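Biologist: I am new to this chain and would like to go through it slowly, one question at a time. Could you begin with the terms, please?

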Amino acid sequence: MTIMTARFASILLGGCLAASLFSGPVFALGNDNSTMPTCKKGEIYDQKTKKCVKQQGANVSDENRTDYAYSLAKAGRYEEALAMLDTVKDQNSAEVLNYRGYATRKLGRIDEGISYYLQSVKMDPQYAKVREYLGEAYVIKGRLDLAKEQLTTIKEICGTGCEEYQDLNAAILDPSKI
């Protein structure tokens with residue numbers, strides 16, 4: 001192989017590797033796979049202006065409030081997340097119920113969290129994230145049979161490669177991961 005051919009091959013290979021790194025799925029704000037920045041207490045992150053604004057009087061959508069509540073919960077600010085969810089006008093969405101379940105479960109109120117998860121499942125049986133969190137709650141309760149049922153359902157929804165399946169499977173195999 002000539003030096004020029006080797007250089008060309010290495011450039012081509014490098015380009016392919018770089019392209020594969022940047023061609024994965026893109027998750028926009030508003031789904032369960034991403035979180036937005038969190039602000040100091042009393043503020044909310046406004047997705048339109050891309051900055052923190054005073055929560056009181058903020059003109060942000062229910063979706064923005066729901067997403068921000070999830071970000072707070074993922075940051076361990078569970079009480080604030082619940083308070084943010086209280087400001088959402090439509091309390092009966094699968095996401096609001098799921099995130100309320102997540103925050104209450106993380107506060108140690110497992111049975112209350114499960115009740116919110118079950119309401120969310122009724123609203124959207126194909127919502128894999130709520131199935132993952134419900135399964136994790138069952139693992140905490142020692143109900144591996146019910147957790148495995150959720151894992152089977154997640155597999156039907158998005159396969160074994162999705163994050164929800166992998167996370168719940170890891171929790172079932174090692175409950176200390178929750």
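Modeller: A residue is called buried when its relative accessible area is under 20%, exposed when it is over 50%, and partly exposed in between, with a 1.4 Å probe and protein chains only. This is a predicted model, in which local features need pLDDT of at least 70 and side-chain atom pairs count only at pLDDT 80 or more, while totals for chains, interfaces and linings use all residues. Residues are numbered from 1 along each chain as its sequence is written, and side-chain values use heavy atoms, with hydrogens and water left out.

Biologist: In what order do the elements of the chain run from the N terminus on?

Modeller: Helices (H or I, at least four residues) and strands (E, at least two) are DSSP runs, numbered from the N terminus. By that count the chain has eight helices and two strands. Their order is α-β-β-α-α-α-α-α-α-α.

Biologist: How many of the residues of helix H6 are buried?

Modeller: H6 spans residues 128-140 and reaches 19 Å from its first C-alpha to its last, close to the 18 Å expected at 1.5 Å a residue, where the expected span is 1.5 Å times one less than the number of residues. The cover over its buried residues includes the helices H2, H4, H5, H7 and H8. H6 is mostly covered, and its buried residues number 12 of 13.

Biologist: On which side or sides of H8 do its buried residues lie?

Modeller: The buried residues in H8 are Glu164, Tyr165, Leu168, Ala171 and Ile172. They cover an arc of only 135° around the axis, taken from the directions from the helix axis to the C-beta atoms. That arc puts them on the same side of H8.

Biologist: Is Asn98 buried or exposed?

Modeller: Asn98 has its place in helix H4. Leaving out residues up to four places away in sequence, Asn98 touches Tyr117, Ser120, Tyr127, Lys129, Val130 and Tyr133, a contact being heavy atoms within 4.5 Å. Because its relative accessibility is 0%, Asn98 counts as buried.

Biologist: Which residue forms a salt bridge with Asp86?

Modeller: Side chains of opposite charge can pair when their charged atoms come close. A salt bridge here is a side-chain nitrogen of Lys or Arg within 4 Å of a carboxyl oxygen of Asp or Glu, and the whole structure has seven of them. Asp86 lies in helix H3 and its partner in helix H4, so the pair ties together parts that are 14 residues apart in sequence. With the closest N and O atoms 3.1 Å apart, the partner is Arg100.

Biologist: Is Arg100 buried or exposed?

Modeller: Asp86 is exposed, with a relative accessible area of 53%. Arg100, at 9% relative accessibility, counts as buried.

Biologist: How many residues apart in sequence are the parts that Lys141 and Asp111 tie together?

Modeller: The side chains of Lys141 and Asp111 meet in a salt bridge, with 2.7 Å from N to O. Lys141 lies in the loop between H6 and H7 and Asp111 in helix H5, so the parts tied together are apart in sequence by 30 residues.
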